[in-house]
Amino acid sequence: MRNMFIFLKSLSRSVHGDEEPQEQPELSKTDGGSNDDDLCTSLTVWRKSLLISCNGFTVIDSNGNLVYRVDNYMGGRTKELVLMDGKGNSILTMRRCKNLRLVDTWVIYGGEVGDHCTSEKPIFYVKKCINILHTNKSNVLAYVYRPPSDKRYAYRIEGSYSHRSCKVVNEKKRVVAEIKRKDATSGGICFGLDVFVLIIKAGFDPGFAMALVLLLDQMFS
């Protein structure tokens with residue numbers, strides 16, 4: 001596993017070596033309102049924890065640095081996910097709603113929350129799109145809402161997570177983040193679906209984008 005991590009670091013540098021380093025936007029800038037679509041942050045996502053006994057994710061930036069990590073000790077479908085930075089500090093906590101809704105719904109909190117988070121106010125919640133009649137021509141996977149209203153979505157996620165081809169679109173129908181496959185085969189290693197690229201447009205928070213990836217993985221894996 002360590003050799004794979006080192007390989008991904010070197011690959012990330014070689015693929016993105018010509019890019020200028022990007023400062024990560026703050027969480028308050030999740031609107032993705034920049035008009036300059038050429039400015040973006042590209043992250044390599046590995047669907048594997050660095051801890052041997054865990055499921056999770058490891059995320060590397062264009063300089064080969066570890067920027068995000070997820071260590072899921074429970075495995076499989078879980079009730080809670082915590083996104084950490086490269087140093088292990090909690091950035092976002094995602095919890096599956098405990099109600100009896102048929103639709104898979106998650107609540108996103110800033111930082112780390114305790115066992116009883118009734119005093120904590122969620123910053124977003126994400127609802128899986130269920131299309132019983134299979135008439136969903138736009139391939140919408142999920143909607144992202146700002147509490148307390150669920151009348152109008154803040155973001156829409158469309159595409160196919162199983163093919164690692166997704167787009168996050170804001171209210172103005174601008175793409176603010178994308179998931180793309182990394183199909184290359186190098187050094188005898190075929191990436192498959194476990195290694196892919198997350199591209200974040202300027203003005204959209206990379207941590208929040210990664211949180212959406214985690215929820216898509218729970219909903220569609």
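Residues 24 or more positions apart make up 42% of the contacts in the protein that have a separation of 6 or more, a contact being heavy atoms within 4.5 Å. Keep in mind that this is a predicted model, where local features need pLDDT of at least 70 and side-chain atom pairs count only at pLDDT 80 or more, while totals for chains, interfaces and linings use all residues. Residues are numbered from 1 along each chain as its sequence is written, and side-chain values use heavy atoms, with hydrogens and water left out.

Let's start with the overall picture. The protein has two helices and 14 strands; these are DSSP runs numbered from the N terminus, with helices being H or I of at least four residues and strands E of at least two. Of its 221 residues, 46% are buried, meaning under 20% relative accessible area with a 1.4 Å probe and protein chains only.

Now for the barrel. Twelve strands close into it with antiparallel pairing, in the order β1-β2-β3-β4-β5-β6-β7-β8-β9-β10-β11-β14. From one strand to the next, the twist averages 20 degrees, based on axes that are lines fitted to C-alpha atoms, with angles running from 0 to 180 degrees between N-to-C directions. Two strands pair if DSSP finds at least two bridges between them. Here are some of the antiparallel pairs:

| Strands | Bridges | Residues facing each other |
|---|---|---|
| β1 (residues 40-46) and β14 | seven bridges | Thr44 and Val197 |
| β11 (residues 175-181) and β14 | five bridges | Ile179 and Leu198 |
| β9 (residues 155-160) and β10 (residues 165-170) | six bridges | Arg156 and Val169 |

Strand β14 deserves a look of its own. Seven of its seven residues (195-201) are buried, so the strand is largely enclosed by the rest of the structure. Val195, Val197, Ile199 and Lys201 point one way, while Phe196, Leu198 and Ile200 point the other way.

Then comes helix α2 (residues 206-220). Since 14 of the 15 residues are buried, α2 is largely enclosed by the rest of the structure. Asp205 caps the N-terminal end of the helix, with a side-chain oxygen 3.2 Å from the backbone nitrogen of Gly207.

Key
Buried means under 20% relative accessible area, exposed over 50%, partly exposed in between (1.4 Å probe, protein chains only). A polar contact is a pair of N or O atoms within 3.5 Å; within protein, one must be able to donate a hydrogen and the other to accept it, and residues adjacent in sequence count only if both atoms are side-chain atoms.
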